[in-house]
Amino acid sequence: MITVRKAKTLIDYLHIRMLRNENRHLMTRDSSKIGLFRQIKFWINTPKNMKLYIAFSDRVPVGYMSLREDFGKTYITEVVSSKHRNLGVGAEMIDLAQYLKNELFAEILLNNLPSIRLHERCGFVIDHENHYCKVYVWRK
């Protein structure tokens, strides 16, 4: 069973760091490796425009999601451990985000076909694209 809850503790943020670093090659913005000090600093000073959620399967952290408010838009990013893909973790996180928000935007690398398919299955449609990513939107 997959459960998703708001990330609160330093342990949550350290799990997020591990998951993010494992999948940073799929990031559209900052894909640099996150060090321990940087993650602790982020936990202490999480920007007010960002909410982080962590997904568990049988108490094992298997993914995370961020919802970032930027210029009146909510951008969603979800990351799933490579060992736990195709088990519904990403869809479960998107489902929560769709419950919380009326509109979501997702920036996805052009070559990240699994993420593109996931978002399309969850009702996202292409808004626009540029030379390196597609931007999808979902509205209630």
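Me: Is Phe105 buried or exposed?
Reply: Phe105 is buried in this predicted model. Its relative accessible area is 3%, and the cut-off for buried is under 20%.

Me: Nice. What lies over the face of Phe105?
Reply: That would be Lys73, at 4.7 Å from the ring centre.

Me: OK, switching to ring pairs. How many aromatic pairs does the count come to?
Reply: The count comes to two aromatic pairs. One of them joins Tyr13 and Phe42, with ring centres 6.1 Å apart and planes at 45 degrees.

Me: Why is that pair of Tyr13 and Phe42 called tilted?
Reply: Planes under 30 degrees apart count as stacked and over 60 as edge-to-face, with the rest called tilted. The planes of Tyr13 and Phe42 are at 45 degrees, so the pair is tilted.

Me: And where in the chain do Tyr13 and Phe42 come from?
Reply: Tyr13 is in helix 1 (residues 10–22) and Phe42 is in helix 2 (residues 36–44). They are 29 residues apart, and the pair links distant parts of the chain.

Me: What is the relative accessibility of Tyr13?
Reply: Tyr13 is at 5%, which counts as buried. Phe42, on the other hand, is partly exposed at 26%.

Me: Which residue forms an aromatic pair with Tyr75?
Reply: Phe105, the residue you started with, pairs with Tyr75. This pair is tilted, with 5.8 Å centre to centre and 40 degrees between the planes. Tyr75 belongs to strand 4 (residues 73–80), while Phe105 belongs to strand 5 (residues 103–109).

Me: Change of topic: which helix is Ala97 in?
Reply: Ala97 lies in helix 3 (residues 89–100). At 0% relative accessibility, Ala97 is buried.

Me: What does Ala97 touch?
Reply: Leaving out residues up to four places away in sequence, Ala97 touches Met65, Leu67, Ile76 and Leu104.

Me: Which other residues of helix 3 are buried?
Reply: Besides Ala97, they are Val89, Gly90, Met93, Ile94 and Gln98. In an α-helix there are 3.6 residues a turn, so residues three or four places apart point the same way.

Me: Last one: what span should helix 3 have?
Reply: With twelve residues at 1.5 Å a residue, helix 3 should span 16 Å. The expected span uses one less than the number of residues. The end C-alpha atoms are 17 Å apart, which agrees.

Terms used: Residues numbered from 1 in each chain as written. Predicted model: local features only at pLDDT ≥ 70, side-chain atom pairs only at ≥ 80, totals over all residues. Heavy atoms only, no water. Phe/Tyr/Trp six-rings, centres within 6.5 Å; stacked < 30°, edge-to-face > 60°. Helix = DSSP H or I, 4+ residues; strand = E, 2+ residues; numbered from the N terminus. Buried < 20%, exposed > 50% of the residue type's maximum accessible area, 1.4 Å probe, protein only. Lys NZ or Arg CZ within 6 Å of the ring centre and 35° of its normal. Contact = heavy atoms within 4.5 Å.
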